Amino acid sequence: MPEVKLKTEKYDILKTAAMKLGKTVVDDSLIVPDTKPDVKKVLDVSARSYLTDITPGQDKVHIEGVVRATVLYLPDGGNSGKIKSLEMNREFSTAIDQRGVNSDSKVSAEAEIESQDSTVINSRKVNVRVVVSIGVKVCQMEELTLMTDIESDELPAVSAELQPFAPRTAAPDIQSSTENIQLKKTSLRLADKHFMTDGSILVRGQHEISSKLPQIGEILRTIALVEPEEVYCSAGCMNLKGGVKITVMYSDSSEADGTGAIRTAEFTLPYDEKFESGEILEDMECDAEYVVREIYAEVMDNMDGEARTIGAEVVVGTALSGYMVSEAGVMTDAYDAGGSRLNAEFQETSPEQILGVFTAQISRKCTASRRQSDSDINGVCGVTVEKTAVDDVRVNGSSVFIKGAVTLKVLCSSSNENQPLYPIETQAPFEHNFDIGEEAEGKIDCDVKLFVNHIGYTISGSDSVDIRLIIGTSVKLVKSGRVKMIVSMEMEDEEKSDNGMREYIIYFVQPGDTLWKIAKRYKTTVDEIVKNNDIKNPDEINAGQKIKIL
């Protein structure tokens, strides 16, 4: 039996092996420097975390990172009503157990502050406790080989076997041909040629406050929010464009001791960065995740020698990834419409298929209202994102529904000397339907990412703050399931008689029939059945329908 040569295509795919959540606690005590007054009470704690190293080991993922926190406190004694700050910068390390992880695994991780609180030990010591939640995703790189087509149209000639003791006559060759082989293929949409890398963006700039305001006294806290605008791949390069919104809270110099009223300055520094790599191909599907690693702000004199300029420097860490979408038609069934018998060997495979990545910008509004025990709101010293959460993800036919919430903290100022600052937490719930164009079948996994692109606010009276925000959402749909594909094929010739007459049968369609099944059973082709029966849509036949087969 001659072997049918098959075309093979190789793909480098990344399969998700596990997803794991872990926690670590950073507990530290801050000593008040000699240059600052005693602590009367803590007004607010703001903490951020980022990861510095992610290393896969044997059945473990080793994580290292940093927690940065700012403690705003009300001084004791003659500094009543004035605000001071303490800074914490602490490293942490932890290990997350995950069976099957090894040094060849591709691992990504994200860190988010779960909770933060403080305790005043004494007037010169404040304990800060931060719980960091860490999400780890483990992937394995695999080489996938698929049989996608028949390589050649002709098979080697097979000589007819001579009968023993028969007269010596020429034996005609029987030429086996593949031209009548009918193939059934399943289309797979694969993520191929992956790349993953880390990078950083350094953003520097200056901002000058209005000459109508008092000069800057002391910077108390600086926060930054990355507002991405564009991410795309060109040959050998990944391009990132956007801005970093910086909010600086400071005390002005309206008082003689330099500890005047609390004010905020907001400004945006643009970035336009290019990351080069030979692994990056044009038109790749690409993604970038951002985390603010370092923030530095200082007071500078302007051209007139006045302290009205803020110099800022921000280091933004980036996790970059990308892949090419490759369409592969894998052979799942075959027969010979010319009458020969095909012997096919099958093998199961289960590659992850990319159904698509869908993005949306969701605009939301919410209101942060003070408690009755809080003082009237005089101003807002900043709005920060504390948490993002997805509570529900569902695939409904040709759409994907997501539901979640963004937790925000509004730092308000008041004229009360005993409560010059206080935080208000509120949530901005959201939900959205993504139209994915066609009905999704089988087991579908949804990878949802959230990031806040923009935050704005308006003080509505003395009791509340109206907040506007834009939530960037990205949903990646991955289909998993087994595919039974042909890995080898042989053709066995059968003797056929031809009396020159054409015959036909009338076949009544049975439940579960398809034109492929009918054509395979009667050694014809789907195209022949469609043509001879004037069928408009080959994918729509009904039980009981009469079909003529030549």
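A nonpolar core, as I use the term, is a set of buried Ala, Val, Leu, Ile, Met, Phe, Trp, Tyr and Cys residues joined through side-chain atoms within 4.5 Å. Buried means under 20% relative accessible area, exposed over 50%, and partly exposed in between (1.4 Å probe, protein chains only).

**Ground rules.** I am working with a predicted model, where local features need pLDDT of at least 70, side-chain atom pairs count only at pLDDT 80 or more, and totals for chains, interfaces and linings use all residues. Residues are numbered from 1 along each chain as its sequence is written, and side-chain values use heavy atoms, leaving out hydrogens and water.

**Core.** I looked up the largest nonpolar core and found 33 residues, with Val406, Leu408 and Val410 among those with the most contacts inside it. Elements giving two or more residues to this core include β18 (379-396), β19 and β20 (421-435). Helices (H or I, at least four residues) and strands (E, at least two) are DSSP runs, numbered from the N terminus.

**Strand β19.** Next I checked cover: 14 of the 15 residues of β19 are buried. I then turned to pairing, which needs at least two DSSP bridges between two strands. β19 pairs antiparallel with β18 over 15 bridges, and 15 bridges also join β19 to β20, again antiparallel. Ala389 sits opposite Ala405 in β19, while Gly404 faces Phe430 in β20.
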